[in-house]
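Me: I would like a close look at one part of this protein. Could you walk me through it slowly?

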Amino acid sequence: KRGNIYLSGAGPSAWHEEYPVAKGKRQSPVDINTNKTKFDPKLAADPLTIRFSDSCCQSIVNTGISFQVTSNGAGCELSGGPLDSTYQFAQFHAHWGAYLKTTGSEHTVDGVSYPAELHLVHWNTKYDDFKDAVDKPDGLAVIAVFFKRGKEHPGFGKIQDLFSKIPAKGAKVNIDFEFNPGLLMPPDSENYWTYLGSLTTPPLYESVTWIVMKEPLEVSVEQIAILRTLLWETPNGVSQMYNNFRPPVPLRDRVIRASFG
Ligand SMILES: CC#CCNS(=O)(=O)c1cc(S(N)(=O)=O)ccc1C(=O)O
Ligand SMILES: [Zn+2]
């Protein structure tokens, strides 16, 4: 089915046909070559301030390419570090791979993938709203958190319990319990890499300041499998959602800065 951007045609490698910016100068994701990152003491001097609240997540929707927990952003703001203004939390979603595969994340570290990657999307409050910010060069800031297999993460499990209620594209349910997205930050969220990039799905706007946490978050192997119980449309009908990630693209003329030495 044409609707599936990862499975229709040649997938991500064909996106440039409809979205020429796919071959642009500040596309995402990228491989983070830790020998070429540059420690920037300014990032440590003005620490990234990540504020979330218990009441900021309203609903969860199946977007057809991932789940998306949406927020009105109340009390959830991001500032400091590489950011010159305050960004407000809008939604989080994830990307993941296939059964028994090690791929799944979008960013890689020294060529190594994680099984999944969480994205917490924020928009620059200098603009009127998300829609106004989404295509501006400083419009969005996305925190990326790698998932690695380990101990169970009960907090994320509460979100995954809702997956069975959103079986198809467009399905949406309210979140009627308190969920603080701060639970999804790794224990140490001072160490991150940052670079100027883009959305990793069409329309691929070059509007994202990426903040990639160095430390992954542990979730259980069962929780990684539960991601694949979400459903999406494919050329062969409705099936399990997996491999909804764009592989890394060339870094071009960019340097990835590190908040740590
Ligand atoms: C118009 C437009 C737009 C972008 N929307 S998004 O920032 O929520 C987003 C961001 C990303 S990502 N992977 O770049 O953070 C992926 C998917 C989405 C989405 O629409 O579902
Ligand atoms: Zn994403």
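Reply: Happy to! Cys 56 counts as buried because its relative accessibility is 0%; buried means under 20% relative accessible area, exposed over 50%, and partly exposed in between (1.4 Å probe, protein chains only). Cys 76 is buried too, at 0% relative accessibility. The structure holds 0 disulfides, a disulfide being a pair of cysteine sulfur atoms within 2.5 Å.

A word on the model: it is predicted, so local features need pLDDT of at least 70 and side-chain atom pairs count only at pLDDT 80 or more, while totals for chains, interfaces and linings use all residues. Residues are numbered from 1 along each chain as its sequence is written, chains are lettered from A and ligands numbered from 1 in the order in which they are written, and side-chain values use heavy atoms, leaving out hydrogens and water.

His 93 counts as buried at 13% relative accessibility, and His 95 counts as buried at 2%.

Finally, Phe 92 touches residues including Phe 67, Leu 118, His 119 and Leu 120, not counting residues up to four places away in sequence; contact means heavy atoms within 4.5 Å.
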